[in-house]
Every structure is written in structure tokens, then in C-alpha cells.
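Student: I would like to learn how to read a model of this kind, step by step. Could we look at it together?

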Amino acid sequence: MVGYAFMGAAHSQAWRTAGRFFDLPVEPDMAVLCGRDGDATRSAAAKLGWRSVETDWKQLLTRDDVQLIDICTPGDTHAEIAIAALDAGKHVLCEKPLANTVDEARAMVAAAERARARGVHSMVGFNYRRVPAIALARQLIAQGRIGEVRHVRGTYLQDWIVDPEFPLVWRLQKDKAGSGALGDIGAHVIDLAQFVTGDRLTGVSALTETFVKQRPLPAASSGLSASGSTERGEVTVDDTALFIGRFGGGAVAGFEATRFATGRKNALRLEVNGSAGSLAFDFEAMNELSFFDGAEDPATAGFRRILVTEPTHPYAGAWWPPGHGLGYEHTFTHEIADLLRDLGTGAEPSPSFADGLQVQLVLDAVARSAEAGSGWQRIEEVND
Ligand code: 4PW
């Protein structure tokens, strides 16, 4: 694995746990953790459970005990590492968004296709697909339980940079992250909206804003917290992105991604209204899915809360008795379990790099629309 901060810790936990709760055809060996700072990487490896360290990711390509490279670094390094890894015959799991630009994402898809021909596979880490309630929502929509999808409403609301003195961490720098709230959290809600509906966006009209234009340079940072220095620098990404869109199947959609929704910590919300019912999800209550069934007697019909912890629900049966609930970290464990199962059985892991490129095309269309004063931008189709 390359990187050991927030995502690195989440993925490490998943690599350690997946085989203990899911019956998998292969057992992961956490061979090596890679980071630029030797001491910090050694201490992270000891804490997170990796048995050796490297300080140059290129060394991973030459090691026989490395069969898969998990990329948990900021977006500016995804393309270079992923392409080199795939070309060297290593499977790749890459954090989202797949890349910082569409061109990088296209090159990654080309590398993934070359590699697939040699039995080498890749996957992009849209972990929220593996929330049991989200996987259940997808099943219900596919079964026609809400009829024809008309509206998709997706928001991802956070507030961790609402303080103008919060430092200029890498997630606020375009050269490192590609974009701001748009790519970091908007990418998730775009992916989920398309995943649960089984449909794709064909065009968007957008608006972005950067409320705080300068911030203290970071002195130290870890995950979503940081301390600042006395020097200041320019924020080069969006603080919020709002957009409307059209799906190929005829549904219309509204999206909002922001890190300025004071009081909202990780409110990844999705509501889908169909001709025969509706579904609603909020990650802050991630074990629940709200379902309105339009076929019920109007006298007693209403949104009801499904507690998605039954053994028959996606992923839930591998864990605890009904009602005992899962958390954020389980989404990564499910991701790794699915990946290992696919690698063991020869199935194609999903979401693929092509899926990652498709989300990148939506992000790019949103950014272009916002720059052009909200004009409509069509989204190119991607073949799977
Ligand atoms: O992928 C996302 C991040 O980059 C996350 O799930 C939450 O928002 C936590 O950090 C950011």
C-alpha cells in the first residue's frame, strides 16, 4: 500500500479484517507499506499491521511478494503509480477520484485494459457503494420497487473547513487534489446516484464557489484535521459545487457537495423518487434506508425506516445479529472483501477504472459548466 494517512488507515483496517468476517478464496499478506518519510512510515506500518516498509513506490514494482498495489495517496500521484503498477503486472486498487484530470483517467483506463489482457485487474475505491443500505437501494430499484426513476437528489455535506483559519491542506490545493468539494466528496455522490439507479448522467449545469480564498499554510495535518503556520496561501479549489443533471433514462437530478454545511459532518444523502415509490438514505444514519411504497393503502402509507442489518441484507450477514449496526470502516472492509473474491475467482472487480473515468468526465463537465457561467455541458459516454 502507498500512503498511510486517513485512507491508508481505513484500508489497512480493511485488509486486516476482510478475511476474518468474509469467506474469501485468497488470504491477503500485508507485505509492505510505502511512504516518503522512513521513520513515519515505519511507525505507521507497526501500528497498521504491515510487515515491511519502502520509501520509494517504484521499489514495490520490483518486489515478488507484491501482487497488488493499493494507492491511498492524493490524486496527483494516482495516474503515475497506477499505470506503472499495472504495466509491471500488479493488480491495483486506487482511491477515488480516479485521477485529477480526464486525460490522466483515460491513460489509466488504457493501462487497465492492457493489464486485463494479461489477467491483471484494477478497481477504483468508491467505498460507499458497499454500505448495506446503498446496496439494498440498488437492488430495490433494479427490482422495480419504486417504478420508473424520475428524480435523483444527491448531497454530500461536511463542515470541516468552515473556520477560515483552518489550514490549506492538500485537499484544498488544485495541483494535489484536482478539485475541492467537487472531486473529493461530489465524486462519491455522483457515483452513488449512478450506482443505485443503474443509469448514467448525460449532461449537467453547474455553479461552484470558493468562500475562503486564503488560508494559513499547514504546519501539520492528519486526515481532516490540521494545525496552521503564520504564512498564508491561496485556496485553488471550490468550497462547494452545485449542479443539476439529466440521466440517460429520463430522470432529472440535483446535486450539492460542500464543506461549508455547518453542523453536517458526513451527510452523504441520496433520495430517489420513482413512479411507484421512493428511497432515501443519509450516511449519518448509515444502517437505515427509508422506503415509501406507493402501492400501500394511502391510509397507512408513509416512509418507513428499514433497519438494514438483517442477515439477508447485502454484506450484513457477515457481521453481527440484527440491529447491531455497522460503521464507516466496514465500507472499506466490504470493498476489500469484494476485490479479493473477484481476484480469487477471476471476476472483473467493480467499480472499474472505466467507471472511475466516467465519474471524472462528470466532474470535468461540472467544472467546465461552472467556469462558463452554468452553461449546459454534455457528458461523453464511456464503454465498459
Ligand atoms: O472520500 C472522502 C474523503 O476524501 C471521505 O469518505 C470523507 O470525505 C472523508 O474524507 C473525505
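Tutor: UniProt, in an unreviewed entry, lists residues 1-117 as "domain: Gfo/Idh/MocA-like oxidoreductase N-terminal"; its positions follow the numbering used here, feature names are shortened, and annotations may be inferred rather than shown by experiment. This is a predicted model, in which local features need pLDDT of at least 70 and side-chain atom pairs count only at pLDDT 80 or more, while totals for chains, interfaces and linings use all residues. Residues are numbered from 1 along each chain as its sequence is written, and side-chain values use heavy atoms, with hydrogens and water left out.

Student: What are the helix and strand percentages over residues 1-117?

Tutor: Helices (H or I, at least four residues) and strands (E, at least two) are DSSP runs, numbered from the N terminus. Over residues 1-117 the chain is 49% helix and 11% strand, with the end C-alpha atoms 24 Å apart.

Student: Which residues have the most contacts inside the largest nonpolar core?

Tutor: In soluble globular proteins, nonpolar side chains tend to be buried together. A nonpolar core is a set of buried Ala, Val, Leu, Ile, Met, Phe, Trp, Tyr and Cys residues joined through side-chain atoms within 4.5 Å, where buried means under 20% relative accessible area (1.4 Å probe, protein chains only). Here the largest such core has 110 residues, and W15, L289 and F353 have the most contacts inside it.

Student: Which polar side chains lie 2.9 Å from an oxygen atom of the ligand?

Tutor: A polar side-chain atom of K96 lies at 2.9 Å from a ligand oxygen atom, and an N or O atom in the side chain of Q158 is also 2.9 Å from an oxygen atom of the ligand. For R171, the corresponding distance from a side-chain N or O atom to a ligand oxygen atom is 3.0 Å.

Definitions and conventions: Buried < 20%, exposed > 50% of the residue type's maximum accessible area, 1.4 Å probe, protein only. Polar contact = N/O pair within 3.5 Å; in protein donor to acceptor, adjacent residues only side chain to side chain.
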